[in-house]
Amino acid sequence: MNLEARRMSLGRSEDQAFEALFTSEYARVVGIATRVLADPHEAEDVAQEVFVDFHRLHSAAAQYAPAWLHRAAAHTSLNRLRGSRRRLKREVAQALEEGDRTVDPQKQLEVDEDRRLVRAALGRLAPKPAAALAMRASGLSYAEVAQALGVGIGQVGTLLRRAETALRKEVIRGTSN
Amino acid sequence: MFDDPDARVGADAAHLDSCLECKARFEVIARDARSIATLLAVPEISVDVRSAFAKVSEAPRFQPGLVRLPVFRSSVRPMRLALVAAAMVALLAVVAFAAEGLFYKPSTVTPVPVTVADMQALSQLADYGTVAWTQQPQLQVATSASDAAAIAGITPPTAGSVPATISKTITYGAMTKAIATFTFNASKAQATAAAKGKTLPAMPAGLDGATLTVTVGPAVGEIYGDLKQPQGSSANEVNLPQLVIAKSTAPTVTSTQVSAATLENYVLSLPGISPELRNAVRAVKDPTTTLLIPVPVQYATATQVTINGANGVALGDNTGLGGGVVWVGKDGYVYLVAGSIKKDDAVNIAKTL
C-alpha cells in the first residue's frame with residue numbers, strides 16, 4: 001500500500017474509532033455535565049464542545065480518551081457554571097415567574113430553588129472535589145474517577161468524602177445568606 | 001457515594017464486617033453520601049447520540065489537527081521564552097536568507113545569540129505584511145510509529161538507547177507539510193510602527209509586495225513520558241515531555257522581487273536588533289544553506305558538536321534541567337533531540353540514531 005492510500009485508510013479508521021468513542025461515551029459525558037449544570041441542553045452543548053476539542057488533537061484510539069473526556073466535561077461545565085451565575089439567577093427568576101402549569105407550583109418552586117443552591121455551592125468548590133462529585137454522581141466508578149482525575153484509586157473515597165463535606169457546608173452557607 | 005466495590009477493599013472490608021464501631025461510622029458516611037447524591041440528582045434525560053454525532057461532525061472546528069501551541073506552566077516560562085526565541089529566529093533565518101528565485105535549504109546549523117529585545121523586534125515582523133496559508137499544518141498524535149509515518153510520509157527516528165531514567169512510555173507525533181506565504185506591505189508596516197510610536201527604516205525598493213513562500217515539514221517525532229494523563233482539561237494543555245526525538249524535512253524558502261542581501265540588511269536594521277545578533281548573522285558564510293539555531297543569552301549556552309559526521313549545535317547544560325541538540329543529518333533531514341535531560345545525554349542519544 002502506498003503512503004497516500006495508507007494515510008487515507010488511517011483517516012478512515014480514525015473516523016471510525018472516533019464514532020465508536022462518541023457512541024460509547026457521549027451519554028456519560030452529557031451525564032457529567034448535567035450533574036453540574038442541571039440543564040440538559042447546555043450539558044449537550046458542553047459535551048459536543050468537549051468531543052470536538054478532543055478530536056482536534058487526540059487519537060480516538062488513545063487509551064486515555066474516556067478519562068480525558070470525563071475530566072474535560074467536568075471542568076468545562078464547572079467553568080460555565082461559574083461564568084453563568086448571573087444568568088442562572090435570571091433564568092431561575094424567570095422560571096419562577098412562569099411556573100410550571102403541570103405540577104404543583106409550590107413544589108416546583110422549591111425544587112428549582114434547591115437545584116440553584118446546590119449548583120451555586122458546587123461552583124464555589126475547588127475544581128478537583130467539584131469534578132469528583134459530578135463524575136461520581138453521574139455514575140462513574142471509583143476507578144473511572146481516579147483515572148479522570150489522575151489520582152490513585154485508594155484516594156477517591158477520601159476525596160469524595162471531603163468534597164461532600166465541603167459541598168454540604170457551602171449549601172448551608174448559601175441557604176443562610 | 002460508598003456503593004462502589006472499590007470503596008471497601010481488602011483488609012478494610014474485612015475489618016468493617018467485624019468492627020461494629022467502624023461499621024456504624026461507615027453507615028453514617030454512606031448516608032451522607034446518599035444525601036449528597038440526592039442533592040445532585042437530575043431528572044433522567046435521554047440523548048439522541050446519532051443526531052448529536054451528526055451535529056459534531058458538521059462543526060467548523062471538527063477537522064482534527066490544526067496546530068495549537070501548548071500552554072506551558074509558569075514554572076517553565078524560561079523554556080517558553082526560549083521556544084519563542086527559536087520561532088522568531090527561525091523567522092529571521094527565513095526572512096533574511098530567502099533569495100530571489102533561489103532556494104533556501106539548510107544543510108548545516110550554527111548558533112546565534114538572541115536577547116529579549118531581539119525577540120520583541122523580530123516578533124513585530126509579522127505585522128509588516130500578511131500571512132496566508134497555502135497548506136495548513138496538521139498535527140496529530142499517533143499511537144504507533146507506523147501510523148505516524150503514514151500521516152507524515154517520513155519514518156520516525158529510532159534511538160539505539162536512552163538513559164534508564166527516561167520513561168518507557170512513547171507517544172508519536174506527526175505533522176504534515178505546511179506552506180505559508182508572507183507578503184510584505186509597506187503601508188501596513190509603517191502604520192503598525194506609527195501606532196507603537198516607532199519609526200521604521202525605509203523599506204528597500206521592491207520589498208513592498210514581495211512574497212516569501214515558506215515550506216516546513218513534514219515532521220515526525222517520538223515523545224517519551226507519560227502523556228496519558230494530561231493535567232489540563234483543555235486540548236491546549238500538554239505536559240512537557242521528558243524527551244523528544246524529532247525529524248523534519250528541511251524547511252525551504254523561495255522569494256520574489258528581492259534579493260537575499262536586501263532582505264538581510266533590512267531585517268538586521270530594524271530597531272531593537274542587538275549588535276551581537278547582527279554580527280553573528282553577518283558572520284554566517286553561506287546563509288542559503290545554514291539553519292540558525294537561536295540561543296537565548298539569558299537561559300542557555302550552546303556548543304558545536306559533531307553527530308555522526310554532521311555539524312550540530314548542543315544547547316543547555318548538564319544539570320538535567322534541560323538540554324538538546326539540533327543537526328542536519330547526512331540524509332538532509334533536520335533532527336532534534338531535546339528534553340529535561342543533560343546536554344551530554346542528548347548528544348549521546350543523537351549519536352545512536
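How many bridges join strand S8 of chain B to S14(B), and do they run parallel or antiparallel? Seven bridges join them, and the two strands run antiparallel. The model described here is predicted.

**Around strand S14**

Strand S14 of chain B covers residues 333–339. This strand is mostly covered, with six of its seven residues buried. Strand S8, residues 243–249 of chain B, is one of its partners. Strand S13, residues 323–328 of chain B, also pairs with S14(B), in the antiparallel sense and through six bridges.

Leu243(B) has Gly339(B) as its bridge partner in S14(B), and Gly323(B) stands opposite Gly339(B).

S13(B) and S14(B) form a hairpin, with four residues between the two strands. In the turn, Gly332(B) has a positive phi of about 90 degrees.

| Strand pair | Bridges | Direction |
|---|---|---|
| S8(B) and S14(B) | seven bridges | antiparallel |
| S13(B) and S14(B) | six bridges | antiparallel |
| S5(B) and S6(B) | six bridges | antiparallel |

**The sheet S2-S5-S6-S9**

Four strands of chain B make an open sheet in the order S2-S5-S6-S9, with antiparallel pairing. Its edge strands are S2 (129–135) and S9 (252–255), each of which pairs on one side only. Neighbouring strands of this sheet are turned against each other by 20 degrees on average, with direction ignored.

Within the sheet, S5(B) spans residues 178–184 and S6(B) spans residues 211–216. Thr181(B) has Thr213(B) as its bridge partner in S6(B).

Notes: Residues numbered from 1 in each chain as written. Chains lettered and ligands numbered in written order. Predicted model: local features only at pLDDT ≥ 70, side-chain atom pairs only at ≥ 80, totals over all residues. Buried ≥ 20, exposed ≤ 12 C-beta atoms within 10 Å, placed from the backbone. Pairing = 2+ DSSP bridges. Axes fitted to C-alpha atoms, helices over the stretch in contact; angles between N-to-C directions.
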